[in-house]
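I opened this entry to see how the chains meet. My notes follow.

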Amino acid sequence: MKCAKVRELISADADGLVSPRVHEELSAHIAVCDSCKREYETTTRMLAEVSELGNRKAPVDMWPVVQVRIEDTEHARQGIFGRLLTPVLRPIIAVPAVAAIAAATFITVHTLKEPSRAPQQYARSSEVAAYYEEFSEFRSTQGFGDNSTVVAAQLEKPKGKE
Amino acid sequence: MEIASGTYRWGTIVLEPATERVMSDLSDEAVVAQVRDGNTDAFGILVRKYQDRIYSTILNYVHNQEDALELSQEAFVKAYSGLRKFHGKSAFYTWLYRIAINTAIDSLRKRPAQKVESLEDDKFTEIGFEPVSVDPTVDPVKALSARERQQKLQQAIESLSTKLKTAFILHDVEGLSQEEIADILKCPVGTVKSRISRARDELRNQLAEYLEGGKSL
């Protein structure tokens with residue numbers, strides 16, 4: 001193994017990423033080559049020193065402070081209206097409130113709709129029935145077949161233009 | 001009002017120690033799902049699980065315990081706020097590391113001048129924390145040499161470009177695998193390998209005098 005190749009592999013060897021065969025070749029070369037041996041030793045010494053800088057413990061439990069900061073951030077994000085709405089949106093208040101609003105809406109809509117819509121519908125139905133009967137009779141006397149679309153078109157015309 | 005082993009208080013389930021122990025056995029993804037469902041307290045499990053690793057990593061950038069603590073907390077708050085954007089394509093902790101590193105780098109950009117760490121140590125000693133990064137021997141000469149050695153190393157690491165420094169810190173200082181770093185940095189493993197190798201070469205050249213002279217750093 002040549003010096004250039006050995007220097008390329010020193011880093012990988014220090015991480016244990018070379019095969020046992022390559023490691024053996026590397027070791028054999030380092031044993032007889034002073035410059036490669038020096039590079040190997042400086043690398044391993046440096047890595048040993050550097051590893052002492054890592055894995056330090058946090059001086060305090062961070063959660064209490066993080067929790068307060070999260071709450072502050074959430075409040076800032078929500079703004080004044082969001083903060084006022086938050087208690088209202090809690091399930092214990094929100095669920096009965098939504099149910100009450102839904103029930104009130106349903107009752108109101110049905111109370112307002114039914115009396116005004118029903119007579120119109122009945123009036124229109126009897127008007128249509130009478131007109132259809134009259135028109136069908138007229139067509140039958142004239143020798144035409146049944147044509148509902150013509151009836152419908154007639155019905156759509158405003159009364160004043162008939 | 002009691003629900004299971006948690007206490008119901010105005011719509012929030014406050015975790016009691018037993019509940020927290022059970023939840024700490026859950027996977028990160030399961031805890032993240034709990035947080036997304038509105039259980040803010042579950043996020044405390046993730047904070048307590050990763051606070052040492054995040055603090056240690058950030059400390060390698062800012063070299064100041066007070067700043068590292070402040071930035072770690074900031075990183076956790078950012079993670080909480082950004083949890084909606086976390087889709088679980090990568091592991092939670094690699095995503096968290098990414099936020100922490102970006103937070104540390106941003107703070108360095110805003111504040112180029114570095115504070116001296118030794119001035120801040122007293123504040124932590126007052127609250128009963130003894131820094132573990134210094135040789136704990138009682139011999140003051142050895143303690144001083146340990147501090148000098150660390151400063152020498154930190155100065156050398158500081159001189160690296162941000163990309164080389166990040167790969168080196170995560171791999172050689174914090175002990176993450178090349179695959180994990182690739183996930184954090186969103187780049188191929190080959191790129192990580194190359195950055196680590198280049199960082200080591202640069203550091204070895206800078207520290208050659210100490211390392212080859214047989215001196216301790």
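I looked for salt bridges across the interface of chain A and chain B and found five by the rule, which asks for a side-chain nitrogen of Lys or Arg within 4 Å of a carboxyl oxygen of Asp or Glu. I also noted the salt bridge between the side chains of Arg69(A) and Glu70(B), at 3.5 Å from N to O. On the chain A side, helices H3 (34–51) and H4 (63–88) each supply at least two residues that touch chain B; helices here are DSSP runs of H or I, at least four residues, numbered from the N terminus.

This is a predicted model: local features need pLDDT of at least 70, side-chain atom pairs count only at pLDDT 80 or more, and totals for chains, interfaces and linings use all residues. Residues are numbered from 1 along each chain as written, chains are lettered from A in the order written, and side-chain values use heavy atoms, without hydrogens and water.

Next I checked the extent of the contact (heavy atoms within 4.5 Å). It takes 36 residues from chain A and 52 residues from chain B. The two chains bury about 4,100 Å² between them, 61% of it on carbon and sulfur atoms. That area is the accessible area (1.4 Å probe) lost on being put together, summed over both parts. In chain A, Arg56(A), Met62(A) and Trp63(A) lose the most area to chain B, together 19% of what that side buries.

Last, I followed Phe76(B). Leaving aside neighbours within four places in sequence, its contacts include Met62(A), Val66(A), Phe43(B) and Leu96(B).
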